[in-house]
Amino acid sequence: MKAKEIRALARENLKQIPKKFYIPMGLLLVLANIIPNVVDQATDSKSGVGANIIFFLLEIAFLLEIAAALLTANGYIFFDRWRNKIQKGGEEPNAWCGLTGQHIARLLIYGVIEALIIGTVAVAIAAAVVGSAIPQVSVAVSIILLILLVVLLVWIELRLTYVVYVIDDDVRTGQKRSVWAEIGAGWKLTKGRVWKLLCLNLSFLGWYILTAFTLGILGIWLMPYYNLAIAETYEKSKEDKY
């Protein structure tokens, strides 16, 4: 299926979700996206502050980052369950359906693994940027390396797209798998679909630009729309129709 078709299905699903459910969740997702930026700005402007206060601020920043990541994952799960209800029937999902004890435990472990993987590539990118300023290193080589590392980072992020959904499926069905096995299952589902996922994400670029012009207000509608689109690709991928 093309990005246009996936977006059309997502819009149809969104129309069937009462606004009293998706608007508050959309607002939470917008806040979850804003929190990391606010935290980064706050920690960057701590010059002249005592060491104890700096350490305290960093602890608060770390906890807020975790909270933002969990809220984002909860949004993915919430809208996937709504998609499932619309298409297959069943009960309306609870607003915090993705924040049960089992979810949080698995999501935190996955978050650590993802951070290690992404962090390693990010450090390599930083090293490539620093290397470009060293006279002994060719600028062309540094630029090529930088481009390859950025492409690798995007590729990894896309390959991890479905992991949160796999974790939720395992929690709902009571399947006992390690988080590493769940990552592997999500990774396998994206095989051969990375380009389609990239195109789908890029197709939302215009909406994100408009959201920036509205100071994030449009995101209250856009985030549910986007989450439903990604959830749709997950379902189609399981059925081998995407």
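Leu205, Trp207, Ile209, Leu210 and Phe213 make a nonpolar surface patch of about 520 Å². The model is a predicted one. Aromatic pairs number twelve in the structure.

**Surface patch**
- One of the patch residues is Leu210, which is located in helix 9.
- Leu210 has a relative accessibility of 43%, so it counts as partly exposed; that class lies between the limits of 20% and 50%.

**The pair Tyr76 and Tyr165**
- The ring centres of Tyr76 and Tyr165 are 5.8 Å apart and the ring planes stand at 75°, so this pair is edge-to-face; planes over 60 degrees apart fall in that class.
- Because Tyr76 belongs to helix 3 (residues 51-88) and Tyr165 to helix 6 (residues 163-173), the pair ties together parts that are 89 residues apart in sequence.
- Both Tyr76 and Tyr165 are buried.

**The pair Phe204 and Tyr226**
- Between Phe204 and Tyr226 the ring centres are 5.2 Å apart and the planes are at 85°, so this pair is also edge-to-face.
- Phe204 sits in the loop between helix 8 (194-202) and helix 9 (205-213), while Tyr226 sits in helix 10 (residues 219-238), so the pair ties together parts that are 22 residues apart in sequence.
- Phe204 counts as buried because its relative accessibility is 0%.
- Tyr226 likewise counts as buried, because its relative accessibility is 10%.

**Aromatic cluster**
- One aromatic cluster is formed by Phe204, Trp207, Tyr208, Trp221, Tyr225 and Tyr226.

Technical notes. Residues numbered from 1 in each chain as written. Predicted model: local features only at pLDDT ≥ 70, side-chain atom pairs only at ≥ 80, totals over all residues. Heavy atoms only, no water. Phe/Tyr/Trp six-rings, centres within 6.5 Å; stacked < 30°, edge-to-face > 60°. Helix = DSSP H or I, 4+ residues; strand = E, 2+ residues; numbered from the N terminus. Buried < 20%, exposed > 50% of the residue type's maximum accessible area, 1.4 Å probe, protein only. Patch = residues over 30% accessible without salt bridge, like charges linked within 9 Å, V, L, I, M, F, W, Y side chains within 5 Å. Areas by Shrake-Rupley, 256 points an atom, 1.4 Å probe, with all protein chains shown as cover. Salt bridge = Lys/Arg side-chain N within 4 Å of Asp/Glu carboxyl O.
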